[in-house]
Amino acid sequence: MHIKSAEFITSAVKPAQYPPPDLPEVAFIGRSNVGKSSMINCLVQRKSLVKTSQTPGKTQLVNFFLVNGCMRFVDLPGYGYAKVPKSVQQQWGPMIETYIDQRPNLCGLFLLLDIRRDVREEEGHILQWLMKKKLPVRLVLTKADKFSRSAAQNRLKILLEQTGLEKNDLLPFSSVTRQGRDELWSLVSSMTGIYETPV
Ligand SMILES: Nc1nc2c(ncn2[C@@H]2O[C@H](COP(=O)(O)OP(=O)(O)O)[C@@H](O)[C@H]2O)c(=O)[nH]1
Ligand SMILES: [Mg+2]
């Protein structure tokens, strides 16, 4: 996909603040510091459309980005950062579940997991919500550059067992080497039905 434009639209905490559901959306979810902002920036070829940080856990909002004027990327709040107060940590669940439940134009989701980490309770919850909704989901294994190809294959096997997902549901990705970027865009296209940049 040729990237013509990518812009921040708005941040929301509740559905009344979401933009109208008039364009297809794909959403990105993951633990704080998993590399979500870096991945979105890599997809849209912008250095800092989405702020990346050394201090994780800052984004506790649902952030909407308009891409090529025809689809939206939705950056969901990062979870699981210990230094964030408990009260704030407890908001991510309802905020994400509400978005998934109440968004008619949501076409698919990418759940991000650091390739070096195991699947935990939060990822389990999210996978359950998605299966209930029958929404397309892919598990993106971020920071794949931290491993050699063969070590990455071993991790893939372990994560397949932990999640019960199928091989095609997992995608190694790196925003450093851009490994997986084209595959990710193909998935976004098939989820949204948008294959071409509008003229
Ligand atoms: N090696 C490596 N580091 C990454 C990658 N993606 C992100 N990072 C680093 O991981 C940290 C968190 O990244 P960020 O995108 O802000 O994560 P977010 O909290 O999930 O949005 C930053 O220090 C990034 O430079 C990657 O693909 N490879
Ligand atoms: Mg971020």
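## Helix 1 against helix 6

M39, C42 and L43 of helix 1 are in contact (heavy atoms within 4.5 Å) with R181, L184 and W185 of helix 6. By class, this contact has five nonpolar, no polar and one charged residues. Helices are DSSP runs (H or I, at least four residues), and strands are E runs of at least two, numbered from the N terminus.

The axes, lines fitted to C-alpha atoms over the stretch in contact, of helix 1 (residues 36–44) and helix 6 (residues 181–192) come within 10 Å and cross at roughly 85°. The two helices are therefore roughly perpendicular, the term for angles of 65 to 115 degrees.

## Basis of the model

This is a predicted model: local features need pLDDT of at least 70, side-chain atom pairs count only at pLDDT 80 or more, and totals for chains, interfaces and linings use all residues. Residues are numbered from 1 along each chain as its sequence is written, and side-chain values use heavy atoms, with hydrogens and water left out.

## Burial of helix 1

Eight of the nine residues in helix 1 are buried, that is, under 20% relative accessible area with a 1.4 Å probe, protein chains only. Among them are K36, N41 and V44. Q45 follows the helix with a positive phi, near 55°.

## Nonpolar cores

A nonpolar core is a set of buried Ala, Val, Leu, Ile, Met, Phe, Trp, Tyr and Cys residues joined through side-chain atoms within 4.5 Å. The largest one has 33 residues, and I29, L76, Y99, I100 and L109 have the most contacts inside it. Helix 3 gives the largest share, five residues.

Terms used. Chains are lettered from A and ligands numbered from 1 in the order in which they are written. Buried means under 20% relative accessible area, exposed over 50%, partly exposed in between (1.4 Å probe, protein chains only). Axes are lines fitted to C-alpha atoms, for helices over the stretch in contact, and angles run from 0 to 180 degrees between N-to-C directions. Angles under 35 degrees count as roughly parallel, over 145 as roughly antiparallel, 65 to 115 as roughly perpendicular and the rest as oblique. Ala, Val, Leu, Ile, Met, Phe, Trp, Tyr, Cys and Pro count as nonpolar, Asp, Glu, Lys and Arg as charged, and the others, Gly among them, as polar.
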